[in-house]
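Please look through the structure below.

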Amino acid sequence: RTCFDAWLRARGHAGDGIQARAFRQVRAELEKGGDSLYTWTHRGMDDHRPNTAVRAGFKRMVDETGKPVKLDAATDFIAGKAGQWRERTDAMVEFLVFKEYFIDVLCKGHDPLMVAKMLKARGHLKHEDDRLTNKVRLPGMPPTAVFHILPSIFEDDM
């Protein structure tokens, strides 16, 4: 019993090890590439923003109810000058990941269908009723099917 308890503590969970590894991999990739691979939706068409050299998708700020925080480059500038950062500091970030990047990078080494279903089951994936993706309008693009990963993924201790 002592050995089993020590093993379980070291493992960190009693669930499916493959799903736990896939979950941690997706979350780590979002953490690692959050600033460099995802363009802010409110800055997507701004020609004065730094370019996202290799874009994996977009990210946007949402409030505690999941509603996108309305921002644009001008609002960003004015809020910064006036010291009005409350809405931004309370905001959370959701990721709108292109399907190919989700499959090839976030799920590398794992079955992407299993990963998407696991994220859905854990409540971290916003999706259309009959799909695992969500169709959204992105800056400069027509409505596009993306894996819409919610901020709750960063609160999960899987």
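A disulfide is taken here as a pair of cysteine sulfur atoms within 2.5 Å. By that criterion, the structure holds 0 disulfides. The model is a predicted one: local features need pLDDT of at least 70, side-chain atom pairs count only at pLDDT 80 or more, and totals for chains, interfaces and linings use all residues. Residues are numbered from 1 along each chain as its sequence is written, and side-chain values use heavy atoms, with hydrogens and water left out.

Buried means under 20% relative accessible area, exposed over 50%, and partly exposed in between, with a 1.4 Å probe and protein chains only. Cys3 is exposed, at 67%. Cys107 is buried, at 1%.

Now turn to the helices, which are DSSP runs of H or I with at least four residues, numbered from the N terminus. Helix H2 spans residues 17-33. H2 packs against helix H6 (residues 112-121) at about 85°, with the axes 10 Å apart. Axes are lines fitted to C-alpha atoms over the stretch in contact, and angles run from 0 to 180 degrees between N-to-C directions. H2 is therefore roughly perpendicular to H6, a label that covers 65 to 115 degrees. Contact means heavy atoms within 4.5 Å. H2 contributes Ile18, Gln19, Ala22, Phe23 and Val26, while H6 contributes Met114, Val115, Met118 and Leu119.

Glu29 also lies in H2. Glu29 is buried, with a relative accessible area of 18%. Leaving aside residues up to four places away in sequence, Glu29 touches Gly34, Tyr101, Val105 and Leu106.

Conventions:
Helices (H or I, at least four residues) and strands (E, at least two) are DSSP runs, numbered from the N terminus. Angles under 35 degrees count as roughly parallel, over 145 as roughly antiparallel, 65 to 115 as roughly perpendicular and the rest as oblique.
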